[in-house]
Amino acid sequence: VQLQASGGGLVQAGGSLRLSCVVPWRAFSTFAAGWLRQAPGKESEFVAGIMWSGDITYYADSVKGRFTISRDNAKNMVNLQMSSLKPEDTAVYYCAVDTSRPWYRGRLENVGDFNRWGRGTQVTVSS
């Protein structure tokens with residue numbers, strides 16, 4: 001079972017991209033979801049998270065005000081709208097969910113808050 005992310009690509013600094021992910025679990029509407037990323041030579045890092053209900057979101061400080069996470073439980077999808085992209089946003093982006101804690105209402109702020117990752121999509125921002 002794979003989460004499938006799409007929407008990555010090459011963009012100039014200041015540009016925008018929208019990432020999407022289809023989550024292949026019927027219970028998706030009960031899972032927290034998020035996006036993680038890993039730049040070359042660096043550890044993976046938390047980017048954004050969204051509660052199962054969609055009413056609470058969390059962001060890494062580095063992307064606050066520029067990225068917006070959303071979800072459509074009817075379509076089993078989670079999205080990441082990225083604006084004002086910077087070269088330091090260059091990374092492989094992964095869609096992730098937490099299947100271990102249905103209806104979780106705590107904070108989402110770490111890679112460890114998610115137990116299932118999908119195949120990543122490359123985002124490259126040129127200066």
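Is Asn76 buried or exposed? Select Asn76 to start the tour: at 18% relative accessibility it counts as buried, where buried means under 20% relative accessible area, exposed over 50% and partly exposed in between, with a 1.4 Å probe and protein chains only. Before going further, note that this is a predicted model, in which local features need pLDDT of at least 70 and side-chain atom pairs count only at pLDDT 80 or more, while totals for chains, interfaces and linings use all residues. Residues are numbered from 1 along each chain as its sequence is written, and side-chain values use heavy atoms, with hydrogens and water left out.

**Stop 1: around Asn76**

Asn76 sits in the loop between β7 (67-72) and β8 (77-82); strands here are DSSP runs of E with at least two residues, and helices are runs of H or I with at least four, numbered from the N terminus. Show the side chain of Asn76 and the backbone of Trp25: a polar atom of that side chain lies 2.7 Å from the backbone oxygen of Trp25. A polar contact is a pair of N or O atoms within 3.5 Å; within protein, one must be able to donate a hydrogen and the other to accept it, and residues adjacent in sequence count only if both atoms are side-chain atoms. Leaving aside neighbours within four places in sequence, Asn76 is in contact (heavy atoms within 4.5 Å) with Cys21, Val22, Val23, Trp25, Arg26 and Phe28.

**Stop 2**

Cys21 belongs to strand β3 and Cys95 to strand β9, so the pair ties together parts that are 74 residues apart in sequence. Both cysteines are buried.

**Stop 3: the four-stranded sheet**

Four strands form an open sheet in the order β1-β3-β8-β7, with antiparallel pairing; two strands pair if DSSP finds at least two bridges between them. β1 (4-6) and β7 stand at the edges with a single partner strand each, so one side of each is left without a neighbour in the sheet. From one strand to the next, the twist averages 15 degrees; axes are lines fitted to C-alpha atoms, for helices over the stretch in contact, and angles run from 0 to 180 degrees between N-to-C directions. β1 and β3 are joined over 3 bridges, and Ala5 has Cys21 in β3 as its bridge partner.

**Stop 4**

Now select β5 (45-50), where 5 of the 6 residues are buried. β5 pairs with β4 in the antiparallel sense over 5 bridges, and Trp35 has Ala48 in β5 as its bridge partner. The β4 and β5 hairpin has 6 residues between its strands, with Gly41 in the turn at a positive phi of about 75 degrees. β5 also pairs with β6 (residues 57-59), antiparallel over 3 bridges, and here Ile50 stands opposite Thr57. That hairpin too has 6 residues between β5 and β6, and Gly54 in its turn has a positive phi of about 80 degrees.

**Stop 4: the core**

Which residues have the most contacts inside the largest nonpolar core? Select Val23, Trp35, Val78, Leu80, Met82 and Tyr93, from a core of 38 residues. A nonpolar core is a set of buried Ala, Val, Leu, Ile, Met, Phe, Trp, Tyr and Cys residues joined through side-chain atoms within 4.5 Å. β9 gives the most to this core, with 5 residues. Centre on Leu80: beyond four places in sequence, its contacts include Leu17, Leu19, Trp35, Val47, Ala48 and Tyr93.

**Stop 6**

Move to Asp89, in the loop between β8 and β9. Asp89 is buried, with a relative accessible area of 1%. Its side chain makes a polar contact of 3.0 Å with the side chain of Arg37, and one of its side-chain polar atoms lies 2.8 Å from the backbone nitrogen of Lys86.

Finish at Tyr94 in strand β9, buried with a relative accessible area of 18%. Draw a distance to Gly34: the C-alpha atoms are separated by 8.4 Å, with the residues 60 apart along the chain. Tyr94 also touches residues including Trp35, Leu36, Trp117 and Arg119.
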